[in-house]
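Visitor: Give me a close look at one thing here, please: what does a search of the whole structure find in the way of salt bridges?

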Amino acid sequence: MKDFRLKQAQYLLKKSAINSEGDFQLKAPNSANINVKIFEHIFKDLIAAEDFIYSSLPKHQLSEEEAEEFTKFLISARNNIDSILTDFKVIKKTEEKN
């Protein structure tokens, strides 16, 4: 399972590098409604990630399994932040092409 996740992460990183624009700029926000449910998920994910900081004291060293769980929360928070920024047209959402 770990090997599958590693290959999946590598694939997504390569894909994001291909899809990224060299001149990435944030745009001025448009009017939109705040999706409060998504906003709540961002904080829950960040709080869950923060728990790993305290549980890894004093060296902040995580095992592979813990690191996978920790980054899962960060990636989820990032995706939700991107979703809100897309709603406000601050960033452009790129559609995946299969």
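Guide: Three helices and zero strands make up the secondary structure of the chain, running α-α-α from the N terminus on; helices are DSSP runs of H or I with at least four residues, strands are runs of E with at least two, and both are numbered from the N terminus. Keep in mind that this is a predicted model, where local features need pLDDT of at least 70, side-chain atom pairs count only at pLDDT 80 or more, and totals for chains, interfaces and linings use all residues. Residues are numbered from 1 along each chain as its sequence is written, and side-chain values use heavy atoms, leaving out hydrogens and water.

Now to your salt bridges, meaning a side-chain nitrogen of Lys or Arg within 4 Å of a carboxyl oxygen of Asp or Glu. The whole structure has one: K72 pairs with E69, and their closest N and O atoms are 3.1 Å apart. Both partners sit in helix α3 (residues 64-87), three residues apart, about one turn of the helix. Side chains of opposite charge can pair when their charged atoms come close.

How covered are the two? K72 has 45% relative accessibility, so it counts as partly exposed, and E69, at 31%, is partly exposed too. The scale calls under 20% relative accessible area buried, over 50% exposed and anything in between partly exposed (1.4 Å probe, protein chains only).
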